[in-house]
Amino acid sequence: MVPSHELRNRMKSFKEKLNDSDPSWEMAVIFTKINQYYFTGTMQDGMLIIPRDDDPIFWVRRSYQRALEESKFKDIRRMHSFRDASQSLEKTPNIIYLETESLPLRFYERFKKYFPIKEYKRVDPIIGWVRAIKSEYELKLMRKSGKKHQHILENIVPNLLYEGMSEAELGAKLFQIMIEEGYHGVTRFGMFDTEMLLGHIGFGETPLYPSYFNGASGNRGLSPAAPLLGSHHRKLKKGDLVYVDIGFGIEGYHTDKTMTYIFKGKIPEKARKAHQECLKIQDKIKRMLKPGISPAEIYKRIMDGIDEDFRKNFMGFKENQVKFLGHGIGLLIDEVPVIAEKFKEPLEKNMTLAIEPKKGIKGVGMVGIENTFIVTRTGGERITGDNPGLIPIP
């Protein structure tokens, strides 16, 4: 169970952040499961009402019993519909802060029937920046995840690979092992309508295949109807570059890591050199992950130092390049801040980021690296291991 003092501190930080942004705010309402869990320690069908000048109330439709068993949140009440919650209020504010990134329009219309507000404002950025700074409780879980993540990708995967196995088979074996190692069973993304099973697993040029996923790599997946995990048809053969970019997580908190392997062969020298350059870029970013510097400045320094030739197919392949070098991570794989030119708010101590310089190589696949870091006063603390990748598989 999430400790009660942890829940109190999170709510206090949220109210302070919203006060700084809008001193006249009156109420916020939280519906999404991830934000519910962050503030209450449980995920239910319900709504969390946060008044500015009063204590928050978690109204639960289903399952009220489970919420009481799982959560140390101070005030949990049963409701049958929004009417129950609305009748507890003396009046409904004209403006309420809502999660506009994920709240369906029809859901909002049902809510407005009982909460006749005149206007809503976006609460998502406020919650995002509150969640970006991790507590010691959260960091402990992420460090634990990082150690497991390191062990699986650096020590276990090399022993799973055999000639003739499919990408999907590797993914299935990985999932079972991850569960045995304590994986919480799901890789969560905040990007709208994004599904993910573990991450991207590919042999050879598979990671260069285009994808709707907003990342440097792609994959064919199981089928056009389920472009996830890996292909049943692409089999591992001698000389393949094996690319494994997966999330791991414990009790809700993720780490992100990418590792590459050379299966019974040699990688072309140009690909090896590109990989080494990605390692250098990660180390440069690692040294800059200190409080006070902005992600935009990190991005500019790195991109200004990359020559035009290397920029081709850097952070993607052909037209599928992305314009970031890393991303915040925690209860979701894709959180703020992002190492990109538009993120100008300075980093703060105990923010957590996955840094992932990668480059597509025609005829080979995707080289590069990804690890998860904690922002500290002396630079990034890497919590997912320091193996440089391109692990040879004899």
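**Close-up views of a predicted model**

In strand β14, valine 367 is the bridge partner of lysine 359. The model is predicted: local features need pLDDT of at least 70, side-chain atom pairs count only at pLDDT 80 or more, and totals for chains, interfaces and linings use all residues. Residues are numbered from 1 along each chain as its sequence is written, and side-chain values use heavy atoms, with hydrogens and water left out.

**View A. The hairpin of β13 and β14.** Strands β13 and β14 (residues 365-368) run antiparallel and are joined by four bridges. Strands are DSSP runs of E, at least two residues, and helices are runs of H or I, at least four, numbered from the N terminus; two strands pair if DSSP finds at least two bridges between them. Three residues lie between the strands, and glycine 363 has a positive phi near 80°.

**View B. Side chains of β13 (residues 358-361).** Lys358 and Gly360 point one way, Lys359 and Ile361 the other, and all are buried (under 20% relative accessible area, 1.4 Å probe, protein chains only). Lysine 359 lies over the face of phenylalanine 310, 4.8 Å from the ring centre; such a charge has NZ of Lys or CZ of Arg within 6 Å of the ring centre and within 35 degrees of the ring normal.

**View C. An aromatic pair of phenylalanine 31 and phenylalanine 107.** The whole structure holds 15 aromatic pairs (Phe, Tyr or six-membered Trp ring centres within 6.5 Å; planes under 30 degrees apart are stacked, over 60 edge-to-face, the rest tilted). Phenylalanine 31 and phenylalanine 107 pair edge-to-face, at 4.9 Å centre to centre and 80° between the planes. Phenylalanine 31 counts as buried because its relative accessibility is 6%.

Notes
Buried means under 20% relative accessible area, exposed over 50%, partly exposed in between (1.4 Å probe, protein chains only).
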